[in-house]
Amino acid sequence: MRMTKRFALLAAAAAFTASTAAVAAPTFINILTGGTSGVYYPIGVAISQLYSKGIEGSKTSVQATKASVENLNLLQAGRGELGFALGDSVADGWNGVEEAGFKAPLKKLRAIGGSYPNYIQIVASQESGIKTLADLKGKSLSVGAPKSGTELNARAILKAAGLSYEDMGKVEYLPFAESVELIKNRQLDATLQSAGLGMAAIRDLASTMPLNYVEIPQDVVAKINNAAYQAAMIPAGTYDGQDADVPTVAITNILVTHEGVSDDVAYQMTKLLFENLNQLGNAHSAAKDIKLENAAKDLPIPLHPGAERFYKEAGAL
């Protein structure tokens, strides 16, 4: 009898210890962004600060990555809890489009919601003489990391304009900041960058040398024939020396998680985002375009149940 009671007490103590450990276990939230000179990174840092303060017991981190495609593959592997990605890349990941960088369909992905649009921004040094898409022929162009969201955008836009990489004098696969440095050093004519307006890399370049901002006309946008690509405008004055509006294309960014994130954590992640949009807008002006009323619409992957709960409560779904 004594032994039975002793074992019962030990079992109870072990159960209490285990339950206490479970309660005390931290919630890890790794936020997958992009290059540090882009827009994903500063907004990701601001989000991590919100989660660190607002989600009890959370341990947050921000990871600089090659952006959309890498982020989606990492989320599928459970190596992040929130990631930024372009809408067309998310659709390709869900469908397992191999040429876009996905070896198999990424069916563990779930959406937290749509965020701000990425604008395709093609800038060239004035001395290169590049003023139109056709002028890129025979010139050197940087298109982002291979099979990144930016590079996939570059392929689609050039194809719609009747161009290909073979038409270029040279194609570089470089991140934003490195592309800008090469243009400054007159080792590169132009760069195509997919990011929010007012991005640091182009602001830096525009402050050091005169630039041409290359238009993407509406007829080219229509030829892309992908609902993720919408005609848009870079407003005059977005960058130094940009005196006129520049027609271009925009693609919605999506904040993505995966099915392994608990409903409660996904709910809190979504709620904290939309209750603190001003703080995100202070981190980068691009975040000012995040709208609750649009966040749950036209997504290429299912919403996470936790996010869905928030949108229903907020009347956005």
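**Entry 1. Aspartate 298**

I began with aspartate 298, which sits in the loop between helix 11 (292-295) and helix 12 (305-314). Helices (H or I, at least four residues) and strands (E, at least two) are taken here as DSSP runs, numbered from the N terminus. Residues are numbered from 1 along each chain as its sequence is written, and side-chain values use heavy atoms, with hydrogens and water left out. The model is predicted: local features need pLDDT of at least 70, side-chain atom pairs count only at pLDDT 80 or more, and totals for chains, interfaces and linings use all residues.

I noted that aspartate 298 has a positive phi of about 55 degrees although it is not a glycine. Is aspartate 298 buried or exposed? With a relative accessible area of 78%, aspartate 298 is exposed.

**Entry 2. Alanine 67 and helix 3**

I then looked up alanine 67, another residue other than glycine with a positive phi, near 80 degrees. Alanine 67 lies in the loop between strand 2 (58-63) and helix 3. Its relative accessible area is 16%, so alanine 67 is buried.

Helix 3 (residues 68-76) is mostly covered, with 7 of its 9 residues buried. I listed the buried residues of helix 3 as Ser68, Val69, Asn71, Leu72, Leu74, Leu75 and Gln76. Just after helix 3, glycine 78 has a positive phi of about 75 degrees.

**Entry 3. Salt bridges**

I counted a salt bridge where a side-chain nitrogen of Lys or Arg is within 4 Å of a carboxyl oxygen of Asp or Glu. The count comes to 9 salt bridges.

One of them joins arginine 155 to glutamate 151, with the closest N and O atoms 2.6 Å apart. The two residues are 4 residues apart in helix 5 (residues 149-160), so about one helical turn separates arginine 155 from glutamate 151. I found arginine 155 partly exposed at 44% relative accessibility, whereas glutamate 151 is buried at 1%.

I next examined aspartate 204 and lysine 184, whose side chains meet in a salt bridge (2.8 Å, N to O). Because aspartate 204 lies in helix 7 (residues 200-206) and lysine 184 in helix 6 (residues 176-184), this pair ties together parts that are 20 residues apart in sequence. Aspartate 204 is partly exposed at 30% relative accessibility, and lysine 184 is partly exposed with a relative accessible area of 22%. I also recorded a network of salt bridges that links Glu181, Lys184 and Asp204.

In helix 12, I looked at arginine 309 and glutamate 313, which are 4 residues apart and thus separated by about one helical turn. Their side chains meet in a salt bridge (3.5 Å, N to O). Arginine 309 is partly exposed at a relative accessible area of 40%, while glutamate 313 is exposed at 51%.

**Entry 4. Leucine 163**

I found leucine 163 in the loop between helix 5 and strand 6 (170-172). Leucine 163 is buried, with a relative accessible area of 8%. Which residues does leucine 163 contact, leaving aside its neighbours within four places in sequence? They are Leu133, Lys137, Leu158 and Met168, where contact means heavy atoms within 4.5 Å. Leucine 163 and leucine 133 are 30 residues apart in sequence and 8.5 Å apart in space, C-alpha to C-alpha.

**Entry 5. Strands 4 and 8**

I turned to strand 4 (residues 109-125) and strand 8, which pair in the antiparallel sense over 4 bridges; two strands pair if DSSP finds at least two bridges between them. Isoleucine 122 stands opposite valine 214 in strand 8.

In a regular strand the side chains alternate between the two faces of the sheet. From strand 8 (residues 211-214), Leu211 and Tyr213 point one way and Asn212 and Val214 the other way, and all are buried.

**Entry 6. The cavity**

I looked last for cavities, a cavity being a set of points on a 1 Å grid over the protein atoms alone where a 1.4 Å probe fits but cannot get out; lining residues have an atom within 4 Å of a point. The structure holds 1 cavity of 30 Å³ or more. The largest cavity has a volume of about 40 Å³, a volume being the space filled by probe spheres set on the points, which are joined across faces, edges and corners.

Its lining includes Gln121, Ile122, Val123, Tyr213 and Val214. Strand 4 and strand 8 are the elements that give two or more residues to this lining, and the largest share, 3 residues, comes from strand 4.

Definitions and conventions: Buried < 20%, exposed > 50% of the residue type's maximum accessible area, 1.4 Å probe, protein only. 1 Å grid on protein atoms, 1.4 Å probe; cavity = no way out; pocket = protein on both sides within 12 Å on 5 of 7 lines; lining within 4 Å.
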